Amino acid sequence: MSRRILAGLLILIVLGLAQAVALTVPTALLLAKLGASGLEPMARAMLFGTAPIALAAAVAAAAVPGTLVALALWRLRYWGLTAGLLLAPVLMPIALLAPGAGPANLAIQLAGHASLGLGLGACCGLLGLLSVDRGVLRAAQCCRVSKLGAVRRVLLPLMAPGISAGLLLAAVASLATSLVQQIQGTPATLMALASLPGPVWLAAAGVTVLMCALSGAALVLLRSA
Amino acid sequence: MLNSLAPAPAVATLLRVHAPALHDLSLTVNRGEILTLLGTSPGSGASTALWLLGGFVRATSGRVSLGGRLMDATPPHDRRFGMVTRTLALFPHLDVAGHARFAPGVSGAQADAILQRLDLSAFARRRPQGLPAEIRFRIALARALATSPPLLLLEDPAVALPPAAAASIKALLRSIAAETGLAVLHASDDVNASYGFSDRIGVIQSGHLRQIGTPQELYDRPDSLAVAQTMGPLNRLNGRVIDCDDDLVRVRLAGGITVEARAVDPLEPGEACVVALRPERIAVAAVQAAEMGDGAVPARLVETVFAGDQTRLRFSIDIRGDSLPDVIVTRPSGAAPLRGATVCLAWQPHHAHAFRTASA
């Protein structure tokens, strides 16, 4: 059992690092090509100040709403496209590209981190249930356990490894996103607390949704195959 | 040891279900009795009755009552039924002992007793994954019986198990029912799986309970052609009633052959009917039909099929100018007439059942 957990953790760490590298390296290369300078000390302080909040938002979203969404998807049986859409922020962290300035920008960033956590939490939690017989809730109820008790005593233990993985992934992804922001930001953008122009952000979001729809469709096809 | 498994004393468990898929189904399952709801086809309503009783299917209209008490508003966990479904729905995160102890209020001693009774003690620390199908079924059974329910709702074990394992589980269930007074309501669409297991069988067709009785009653004295066909292989011969005498009728088959049969439906002279015959009830004699007298049917053997403990013989009826379907006769394996042999078929009148053609 412990060997399985270790193997799972190893996979998660590798995945997290891979994602961090995938997010940071292209940006760093771009910055090097453009000759962008490092961060001003004040901007760095501001970014590191918000990173723990963003991390907390991502982890909290992965833990509670993520679990509930996973349960709902399992009950609804149709999870492919929804799971693909939920993973949208992983493919293209919208938080990174949040437009606007000031508190609105911060709110969008936090929402972005939370959505990242939600998607990862829900999808990882769902993984633990995919091979579970749907009759387990009924079987538990026949043992004089209420429906809520059945969820607590049967489904949650089955989801626990997935949820743990989701929390870890959300934390890693959130930190990675903050790190990218730190590297990508220039003194001008950070001091003004501004990001990409609106149309560019919308285009990026559109590409994200399209990619998610395609991945969802692929999941549905794989499931029905 | 088994006292801890004994269900609460109850003379009878009266179930009454009325819903669109089931039409006023009333059943009484006595203590220690195994009652099978035998569906004549998929969607007949046998499993639906179980799910309704368990509280997992909500009737769009109608009601479910147990012993006169309405159960519609009672959640499944308060109905106090045990249930074992086809898929078993075992908990992957629990070991075998964990399954037996899963229900609230089940002590360690009770769990140990049920594990011992079901020969699962050796697997107590194992998880269900990878265990043989029969052991997995026993685990589901242990989980269901740990709370000593008065009634066990059981979907056919034969679906999930190889034949030998299904037979072993059924023998075990029969002994538990006899020892503890556990009532079992079993849903199946396999008549062979129901013989030897059920004390009584209720045949359900399109949501209607057609007939209920012991397996032998249903086999030998079916109330309808549908029940007769459900309970086992049947030869069907169309004819017309000549006359009636008490519960016997004389029927003229195609080709002018006259036979006698027990009238199941009220039949009038001249009325079209179907004479139904079990293959093993037909006698084969290597003589001419004329020598046997009235009721003998001339036939010719066209096929012999060896089927292990029995041989199936297919006969064509020797008549001119008309047609009758071939007749199947089963015999214990051994010497059989040679193919092409001309013989005479005959049967006791009360072994043949005459049904009105409309009821077919």
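**Exercise 1. Decide whether Cys142(A) is buried or exposed in this predicted model.**

Step 1. Take the relative accessibility of Cys142(A): 8%.
Step 2. Buried means under 20%.
Step 3. Cys142(A) is therefore buried. Cys344(B) is buried too, at 1%.

**Exercise 2. Classify the pair of Phe91(B) and Phe102(B), then place its two residues.**

Step 1. The structure has three aromatic pairs over all chains. In one of them, Phe91(B) and Phe102(B) have ring centres 4.6 Å apart and planes at 50°. This pair is tilted.
Step 2. Phe91(B) sits in the loop between strand S6 and helix H2 of chain B. Phe102(B) sits in the loop between H2 and helix H3, eleven residues away.
Step 3. Phe91(B) is buried at 0%, and Phe102(B) is buried at 2%.
Step 4. Arg153(A) lies over the face of Phe102(B), 4.2 Å from the ring centre.

**Exercise 3. Classify the pair of Tyr195(B) and Tyr219(B).**

Step 1. The ring centres are 6.2 Å apart, with the planes at 80°.
Step 2. Planes over 60 degrees apart count as edge-to-face, so the pair of Tyr195(B) and Tyr219(B) is edge-to-face.
Step 3. Tyr195(B) is partly exposed at 25%, whereas Tyr219(B) is buried at 17%.
Step 4. Arg278(B) lies over the face of Tyr219(B), 4.1 Å from the ring centre.

Definitions and conventions: Residues numbered from 1 in each chain as written. Chains lettered and ligands numbered in written order. Predicted model: local features only at pLDDT ≥ 70, side-chain atom pairs only at ≥ 80, totals over all residues. Heavy atoms only, no water. Buried < 20%, exposed > 50% of the residue type's maximum accessible area, 1.4 Å probe, protein only. Phe/Tyr/Trp six-rings, centres within 6.5 Å; stacked < 30°, edge-to-face > 60°. Helix = DSSP H or I, 4+ residues; strand = E, 2+ residues; numbered from the N terminus. Lys NZ or Arg CZ within 6 Å of the ring centre and 35° of its normal.
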